[in-house]
Protein chains: 2
Amino acid sequence: MWSAAGTMKTTALKERGSDSERQSEPEKRGRKASKETRRQQLIEATIDSLAKRGYSETTMADVADGAGLSRGIVNFHFESKEKLLVATLQYMADEYSQHWRSALQKAGDDPARQLGVLVAADFDRSICNKRKLAAWCAFWGEAKSRPTYQALCGARDEAYQNVFVDLCRKLKADGDYDFEPVATALALSAMLEGLWLRLMMGTEDVTREVAYQAACEYLASAFPRHYARNGTKLGKTE
Amino acid sequence: MWSAAGTMKTTALKERGSDSERQSEPEKRGRKASKETRRQQLIEATIDSLAKRGYSETTMADVADGAGLSRGIVNFHFESKEKLLVATLQYMADEYSQHWRSALQKAGDDPARQLGVLVAADFDRSICNKRKLAAWCAFWGEAKSRPTYQALCGARDEAYQNVFVDLCRKLKADGDYDFEPVATALALSAMLEGLWLRLMMGTEDVTREVAYQAACEYLASAFPRHYARNGTKLGKTE
DNA sequence: CCATATTGAATGAATGTTCAACAAATATAG
DNA sequence: CTATATTTGTTGAACATTCATTCAATATGG
């Protein structure tokens, strides 16, 4: 399911010009799209607004304008602003989850390759871009005071964390390391999130490539018998 | 400094009851504190509100109530809500900066000890508690769309980052490692920030100790000739 | 023509800011 | 050392604005 739908959404949308699928002709007006399409359109407009104005200044009017629709329409498709935001967060969480699961599936059976692919997936353009990162961060800022957000907000959720722990365990057994798998997995996933934060801030000269390099540096440090310094994975026989 | 004054504020206050220094007697009313004290009191109330309600729901009324003062008072001491929030962020940034500089100063000349102390400082109760972390995160969420915040928002600012790079370089020379110092420093500081984020979310079973352990795990991985697995620093001669 | 999507103005609640009145501290005068 | 004046911190109500929500009217597709 997630692997089939993935191709349409995650490719080619460069940084999303926020007007990708909006045709320039007003096309009269009226109902031009299905219910689900309209919901998605509004969610995308919400992400745009979160990224451009931040959580506290995202208004229903801005979302509607961004989608090129009228004011009242959001309350029709989503019951309230709160519901809209929850749906948006759910949308992003699902997308993220699909993304890493899909990447993991394609990685084959080698744990070292699997972990490398997972880390690389985090820096894929389709999810790691200013727009999405800003939206994530907007929700993080509100998560502590909202239980509903908190549950969805860890992009790197429990399942993700368990996969990391599992892979760390396997690599430890295979490479005879003496680290503590749970702690190492936590350090790794926290680092990925921290790098996202840095990328979102946009300051300094931290680009996606630089951030990815830093992550690879960690892999090479923690699993020297599985990863080389240049970011490539060492062969199993080496 | 923080170690001397620390006893009063950072201990025993469980998580800051938000009414620590407010005496229960109304004390008539009227001006009971100096200008600077009052400003600080309002800033503390702002942090309380940010932590409890999040950025978007922090109101002037809530701040005033939290400080036990009247509505109009905030606009008297700070010109506007925006100025209050900037002052609050500045306050936290200064506190963080002082904290790590002070820790660094006490660490002596050994780079390995210096780095270890810096990492440990990040998990000190006085700055690493739910209240402060939540406030930081509230600002992070708004930083992208506000240049003023962006400049102050990296608790781990440029100076901090430079110290990390410098220490990584020294340790590399001393321990003959083959990592890239800039990338390693970035990975390390990003990981610290990511761990903060995890602590803030409060979910899972990530405690301050667990997070610190994860950070130490990284040190042991990246600098095996300087740090042991149990979190202690290896002697220079060993 | 029926069900439903869409519009846009009206509504009401929430909230930041202003300000006139007031009170406390400090200065000035007798 | 009192009494008065001046400055300055504080209050709380009034005001203006922003914004989510509602809804009657309208448009659209089947």
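**How the two chains meet**

Of the interface residues of chain A, 98% are interface residues in chain B as well, so the two copies meet through the same surface. This is a predicted model, where local features need pLDDT of at least 70 and side-chain atom pairs count only at pLDDT 80 or more, while totals for chains, interfaces and linings use all residues. Residues are numbered from 1 along each chain as its sequence is written, and chains are lettered from A and ligands numbered from 1 in the order in which they are written.

Me: What makes a residue of chain A count as being in contact with chain B, and how many are there?
Reply: Two residues are in contact if their C-beta atoms, placed from the backbone, lie within 7 Å. By that test, 44 residues of chain A are in contact with 44 residues of chain B. Helices α2 (35-53), α7 (130-143), α8 (147-153), α10 (181-201) and α11 (208-222) of chain A each supply at least two residues of that side. The largest share, 14 residues, comes from α10(A).

Me: What counts as a helix here, and how many does chain A have?
Reply: A helix is a DSSP run of H or I with at least four residues, and a strand is a run of E with at least two, numbered from the N terminus. Chain A has 11 helices and zero strands.

Me: How do you know how the two copies are related?
Reply: Copies are superposed by least squares on the C-alpha atoms of residues with pLDDT of at least 70 in both. Here a rotation of 180° with 0.0 Å of shift along its axis puts chain A on chain B, at an RMSD of 0.0 Å. The two copies are therefore related as by a two-fold rotation axis.
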